[in-house]
Protein chains: 2
Amino acid sequence: MEQMIGKQSIQFERAVHILSAASIVGKKEGDGPLGKYFDRVGEEDGLFGCQSWEEAESFLQKEAVSMAIQKAGIEKWQLRMIYAGDLLAQTIASSFGIMGFHTPVYGLYGACSTMGEGLSLASMAVAGGYAEYVAAVTSSHFASAEKEFRFPLGYGNQRPLSATWTVTGSGACILGRKGGKARITGITTGKIVDFGLKDSMNMGACMAPAACDSIYQNLMDFNRLPKDYDRIITGDLGQVGQEILFDLLREKGFDIEKQHMDCGIEIFDAATQDTHAGGSGCGCSAVTLASYILPKIEKGEWKRVLFIPTGALLSKVSYNEGNSVPGIAQAVVIEHC
Amino acid sequence: MEQMIGKQSIQFERAVHILSAASIVGKKEGDGPLGKYFDRVGEEDGLFGCQSWEEAESFLQKEAVSMAIQKAGIEKWQLRMIYAGDLLAQTIASSFGIMGFHTPVYGLYGACSTMGEGLSLASMAVAGGYAEYVAAVTSSHFASAEKEFRFPLGYGNQRPLSATWTVTGSGACILGRKGGKARITGITTGKIVDFGLKDSMNMGACMAPAACDSIYQNLMDFNRLPKDYDRIITGDLGQVGQEILFDLLREKGFDIEKQHMDCGIEIFDAATQDTHAGGSGCGCSAVTLASYILPKIEKGEWKRVLFIPTGALLSKVSYNEGNSVPGIAQAVVIEHC
């Protein structure tokens, strides 16, 4: 029963299988480098036939979970729990998105690290014998996030080059005890790391220390080197955060440049899509995992991946009151099987 | 390893022990019927020496966890994880409150049901062999909640009699494998239940159907009758929600009037404290559990209690966009040992 390893990791005695994953994104994401891999791409207006941005984001979660259920070949009543989160105040995208499934729910908030948090908690539920099938889902929406954290789109405000572009999309995974060609073998729970940075337009820099902390701890706890992973994939550090992460890990004696990939850098072509430092948001790592990372693991192209969604823990209130922007990063070890 | 029971419950093979609990509240709560039971009561201004309401709420979480750690007789580095949540956008009270512990963290959002959610997930972690000691903590603050959901206090707006009063306070529990005189033997994960109600000033009515759903499912899954519990304790339904809960459960064939208690009704004296339908907020059920409920279980006065914090899933955006206020209720079975 003892599954703890090192200071803050868990190695599952029975690995948890990822039966399926699904993604739905907006048009801009569909036009990006990963466009062809997504299950569904929306229209230009970003509303997906809904009346508001928030409703549209809820629709994304509903669609992602529905598609993932279908791909897993199970019925929705077989889902024992859904672990869901998003960036909006009181996580309303999740509540309204998934309530139609009539499934028991745990609502999460880990900023853009939420897919890592959801996969971690969902894995514990399956590995612990508490559930046969569970879902983890997160979403973000460019327009609802700008309204929530910065300015309504109509203001036409300008963004510095260090800023990221919130991904419109939702990704969902169905986890279970067997099946599928990828499995979660361990996790490293993230600590909140605060370097005192206060720039909400440079969230990559705010989150890099947390990513460093979780990656370093994962390597120590599992007694691994960076080369023991085919890829070490952060959520949405972007170009600026990536450089800082490399520097911080080098100070601790690890060079991950060869293995590192960042979902935020992969999802847009910054040169032509005007997305500055890269993509971000709860949906960014979730849709990249579902559409691009998992298939490579399932095919055996990558045997073992460390997936580390990264979150910046701020609100417009904390920002306006002059607080720093602490970060958190939740690491999940995914292996081919 | 199989610990699922019925449709949506878990019966832990190894019950999870509640080693300690601590509570800190504002002056109004200290003046209420439970005043003498709280570990610490603040001053009239509700700021606890801080500069803002949000900072004060973070302070409450920090204090509650610190006191609970001390009572448990462990060191803070022994805490493997903290499960924390609050009502504020992006759960900033939790992030800033607990980051100083440098402990791995899972952030939660379940509105006022969050203490039930936190205890559930924390129990799964301990029972699953993923952690030796974990903490669950939630908070709310009257002034930060009014600003977040309704109007800044300075507006002096009037509240209808169906409205509840957000409790200023934080409660924390330390869970572990052994020790203490109370243990968590099972949980029932809540579904989101939407009766289409839209009145954010009558949240008891919005949450009662969810409470009914989780209580009913708990009784079915564990094959119990209301009399098998010494108390069935909801979070913050208040006077209005309580009546609805009784009616709804009667329709399903159960009468819980003898066993029922509601933290929101207990915490204030509505007649003299002008709190209308009762107390509410993430902190309400948490401080009532820590100060009043657990000691009665520990003494053996109550042998088995069903604790069901209830949450209303709304934000000011969802409310202003005309959405309903769905509810959720997370049930935890706590027994004397």
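**Note on a helix pair and selected salt bridges**

1. Helices H6(A) and H7(A) cross in a right-handed manner. A crossing is right-handed if the near helix is turned clockwise from the far one by less than a right angle, and left-handed if anticlockwise. This is a predicted model: local features need pLDDT of at least 70, side-chain atom pairs count only at pLDDT 80 or more, and totals for chains, interfaces and linings use all residues. Residues are numbered from 1 along each chain as written, chains are lettered from A and ligands numbered from 1 in written order, and side-chain values use heavy atoms, without hydrogens or water.

2. H6 spans residues 203–221 of chain A, and H7 spans residues 238–251 of chain A. Helices are DSSP runs (H or I, at least four residues) and strands are runs of E (at least two), numbered from the N terminus. The two helices pack at an angle of about 40°, with axes 8 Å apart. Axes are lines fitted to C-alpha atoms over the stretch in contact, and angles run from 0 to 180 degrees between N-to-C directions. H6(A) and H7(A) are therefore oblique to each other. Oblique is what remains after roughly parallel (under 35 degrees), roughly antiparallel (over 145) and roughly perpendicular (65 to 115).

3. Which residues make the contact? H6(A) supplies Gly204(A), Ala205(A), Ala208(A), Pro209(A), Ala211(A), Cys212(A), Ile215(A) and Tyr216(A). H7(A) supplies Gly241(A), Ile244(A), Leu245(A), Leu248(A) and Leu249(A). Contact means heavy atoms within 4.5 Å. By class, eleven residues are nonpolar, two polar and none charged. Here Ala, Val, Leu, Ile, Met, Phe, Trp, Tyr, Cys and Pro count as nonpolar, Asp, Glu, Lys and Arg as charged, and the others, Gly among them, as polar.

4. Over all chains, there are 24 salt bridges. The rule asks for a side-chain nitrogen of Lys or Arg within 4 Å of a carboxyl oxygen of Asp or Glu. One of them joins Asp31(A) and Lys27(A), at 3.0 Å from N to O. Both lie in helix H1 (residues 27–31) of chain A, four residues apart, about one turn. A salt-bridge network links Lys27(A), Asp31(A) and Glu44(A).

5. In chain B, Glu63(B) pairs with Arg40(B), with closest N and O atoms 2.7 Å apart. Glu63(B) sits in helix H2 and Arg40(B) in strand S3, so the pair ties together parts 23 residues apart in sequence. Glu63(B) is buried, at 18% relative accessibility. Arg40(B) is partly exposed, at 35%. Buried means under 20% relative accessible area, exposed over 50%, and partly exposed in between (1.4 Å probe, protein chains only).
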